[in-house]
Amino acid sequence: PVLGMLATRLGADPSALPEEGLAANRNAQLLMVGHALALAAVLRDHDLEPVVLAGYSVGEISAHGFAGAVAPADALALAEERARCMDAAVAEPQGMLGLRGLPLATVRALAAEAGAAVAIVNGPDHAVIGGTVAALDRLEALVAPTGAHLRRLAVRVASHTPLIAAAGPRFAAALERTPWRPPAVPVLSGIDGRAVADRAALLRLLPAQLHTALDWSRCIEAALEYGATRFLELGPGRSLTRMVEETAPGVPARAWEDFRTPGGMAAWAARGR
């Protein structure tokens, strides 16, 4: 059912979208939320419920959907509206880049000097920076002599930075109209890892994360404090899995793409019960 709803919103079979269509902000956010919720349905079919949920950026909407706080159709609608609000808030060419190999304090100082901002903290020497294209060009020039690793991301919005502050209130209005019920398990806010325990917190924190820096490392630490004994990544790729391996070495962590079948994924997840 989730994939059917996703195809309706996209106006096409997700597997038939051309590559340039996948990168469009609206399509990318819909695809990430739809993909995660489809896999969540598989886990539920195997009577598996997580101990705690966290979502990276737009993945936080998926987490609320998995927890039953938001219906799947509403989660997809929110993902689409989120993208629309973000795109509308972009006043000049923007982007983001990943930076690894420098202490966070140094990264913050260099980003400020370049006129950019730390958008996501992934670890003590791993961050994502957002800014105008011109600011990111300046940052690359400042970082180049240090030998740190830089990578421009294929996005055109400086998510989780004040540059798109206008997106928050617009998205909050859509969220206010969305039915919500208490989640079956804790859902962590990407801003600081706190649990979004009630509707008031949801209405405050989920819109704020559009233009507020996220701390994914704190989410991982909070998940462990809630009793997580293994981590399963439901989005595309393995980037979050690698972050868990770096932040919590020895804690089992796998990504959906590691498995050949949904049943194999569910069997692995069941071992943590």
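Predicted model: local features only at pLDDT ≥ 70, side-chain atom pairs only at ≥ 80, totals over all residues.
The crossing of α1 and α5 is right-handed, a term for the near helix being turned clockwise from the far one by less than a right angle. Helices (H or I, at least four residues) and strands (E, at least two) are DSSP runs, numbered from the N terminus.

Show the side chains between the two helices. V2, M5, L6 and R9 of α1 meet P72, A73, L76, A77 and E80 of α5, where contact means heavy atoms within 4.5 Å. By class, this contact has 7 nonpolar, no polar and 2 charged residues. Ala, Val, Leu, Ile, Met, Phe, Trp, Tyr, Cys and Pro count as nonpolar, Asp, Glu, Lys and Arg as charged, and the others, Gly among them, as polar.

Stay on α1, residues 2–10, and colour V2, L6 and L10, which are buried (under 20% relative accessible area; exposed is over 50%, partly exposed in between, with a 1.4 Å probe and protein chains only). They cover an arc of only 65° around the axis, which puts them on the same side of α1; the arc is that of the directions from the helix axis to the C-beta atoms. The buried residues of α1 pack against α3 (25–45) and α5 (72–88). After α1 comes G11, with a positive phi near 80°.

Residues are numbered from 1 along each chain as its sequence is written. Local features need pLDDT of at least 70 and side-chain atom pairs count only at pLDDT 80 or more, while totals for chains, interfaces and linings use all residues; side-chain values use heavy atoms, with hydrogens and water left out.

Next, select V33, I61, F171, W216 and F231. Of the 52 residues in the largest nonpolar core, these touch the most other members. A nonpolar core is a set of buried Ala, Val, Leu, Ile, Met, Phe, Trp, Tyr and Cys residues joined through side-chain atoms within 4.5 Å. The elements that each supply at least two residues of this core include α1, α3, β3 (117–123) and α8 (167–176). The largest share, 6 residues, comes from α5.

Centre on V33. Beyond its neighbours within four places in sequence, V33 is in contact with V58, I61, S62, A75, L76 and A79. Apart from this core lies another, of 19 residues, among them L39, A40, V187 and A266.

Move to S62, in helix α4 (residues 59–66). S62 counts as buried because its relative accessibility is 7%. Not counting residues up to four places away in sequence, S62 touches M32, V33, A36 and L37.

Now pick α3 and helix α12 (residues 262–270), whose axes come within 10 Å and cross at roughly 65°. This crossing is right-handed. L39, V42 and L43 of α3 and P262, M265, A266 and A269 of α12 make the contact. These residues divide into 7 nonpolar, no polar and no charged.

Finish at V121 in strand β3. V121 counts as buried, at 6% relative accessibility. V121 and R218 are 97 residues apart in sequence and 8.7 Å apart in space, C-alpha to C-alpha. Leaving aside neighbours within four places in sequence, V121 is in contact with L104, R108, H126, L214, D215, W216 and S217.

Conventions. Axes fitted to C-alpha atoms, helices over the stretch in contact; angles between N-to-C directions.
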